[in-house]
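Please open the model in your viewer and keep a selection tool at hand.

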Amino acid sequence: MLDDTGFTQLDEARPGERSLALALQGGGSFGAFTWGVLDRLLEDEAVTFDVVSGASAGALNAVLLASGLLEGGRAGARATLDAFWGSVRQVEPVGLLGFARPAAATALRLSAQVGLPFSMNPSNFNPLRDLLAKAVDFDRLRAARPLRLLIAATRVRDGRLRLFREDEISLDAVLASACLPTFQRAVEIDGEAYWDGGLSANPPLRQLTRDTRARDVLLVQIMPEEHPGVPHLAADVLRRVSEIAFTAPLQRELEALADLRDTCRGQTVWRSQPCEKLEQLRFHRIGAVDLVADLAEANALDTGWEFLTRLHDQGRTAADGWLKSPNG
């Protein structure tokens with residue numbers, strides 16, 4: 001239910017139920033950590049999902065979650081996520097989500113470095129298209145809308161955020177959200193070209209807080225924000241620039257929410273509806289960097305199965321710890 005400010009009012013949780021708004025960050029193959037988080041949350045019958053936002057790999061996980069819930073409930077969602085991430089390792093080596101195994105990743109970085117972003121992929125090959133088309137019935141998903149979604153893409157023309165909602169979700173919308181501009185051509189939708197959503201909102205958080213009916217907002221953060229030392233080699237500089245580009249949008253959104261909270265604290269006589277809602281929301285975070293000790297040194301282009309399953313297992317562990325914590 002929307003009030004006249006456009007903010008959805010919070011619902012009262014049913015006894016024994018944990019209704020969550022999920023914000024899923026993108027970050028290449030690090031998204032396997034989020035796969036593990038969702039896998040564990042789906043095991044808990046008390047956990048329900050109100051709205052899920054995501055960018056890039058976070059958008060993939062969000063759409064796979066929604067599709068799986070539609071097809072087979074919790075067990076179906078877990079199976080859909082398992083099957084998709086299992087198929088990632090079968091893709092050779094450059095293409096999927098801009099992922100690449102180490103040797104190809106090096107070539108891709110060098111290609112971008114010398115200003116030839118498509119030289120490694122002149123035909124714009126994207127195996128993600130086939131994998132997603134096989135995993136998700138987008139027509140059925142739009143019609144049934146089992147889960148509210150906010151999928152981020154970045155409009156090339158002006159760099160602004162475009163959010164695709166559950167009734168707009170298509171294969172192209174998800175491909176746009178995961179379109180790395182250094183490797184893939186922009187995805188065109190309704191005459192507009194789009195790049196990776198992580199460049200403008202990684203993940204969408206402010207709109208999530210406006211839309212959610214749940215009192216608990218859980219951010220799954222997979223990109224390292226800090227990196228020791230100053231890079232000097234061209235490939236390392238490029239990697240650090242990319243990390244900053246994909247973490248800055250989240251920092252801006254968190255700072256904006258903090259500023260709004262500070263403003264709300266100054267409303268002593270009359271409190272606006274947005275302030276009342278923000279005051280009642282509980283924010284939580286599960287961070288991959290807190291559990292994966294070497295994440296800052298890891299390669300978000302690595303789709304090796306050993307690496308993906310390690311991230312998945314650590315995501316499960318992190319979610320289990322959060323569920324069992326006093327604040328979870």
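In which hand, left or right, does α2 pass α11? The crossing is right-handed, that is, the near helix is turned clockwise from the far one by less than a right angle.

The model is a predicted one, in which local features need pLDDT of at least 70, side-chain atom pairs count only at pLDDT 80 or more, and totals for chains, interfaces and linings use all residues. Residues are numbered from 1 along each chain as its sequence is written, and side-chain values use heavy atoms, without hydrogens and water.

Select residues 57-88, helix α2, together with residues 305-324, helix α11; helices here are DSSP runs of H or I with at least four residues. Their axes, lines fitted to C-alpha atoms over the stretch in contact, come within 9 Å and cross at roughly 150°, on a scale from 0 to 180 degrees between N-to-C directions. The angle makes α2 roughly antiparallel to α11, a term for angles over 145 degrees.

Next, display R78, W85, G86 and V88 of α2 with W305, L308 and R316 of α11, which make the contact (heavy atoms within 4.5 Å).

E43 lies in helix α1 (residues 31-43) and R78 in helix α2, so the pair ties together parts 35 residues apart in sequence.

Finally, colour by pLDDT, the predictor's confidence in each residue from 0 to 100. The mean is 84, but pLDDT stays under 50 over residues 92-120.

Definitions and conventions
Helices (H or I, at least four residues) and strands (E, at least two) are DSSP runs, numbered from the N terminus. Angles under 35 degrees count as roughly parallel, over 145 as roughly antiparallel, 65 to 115 as roughly perpendicular and the rest as oblique.
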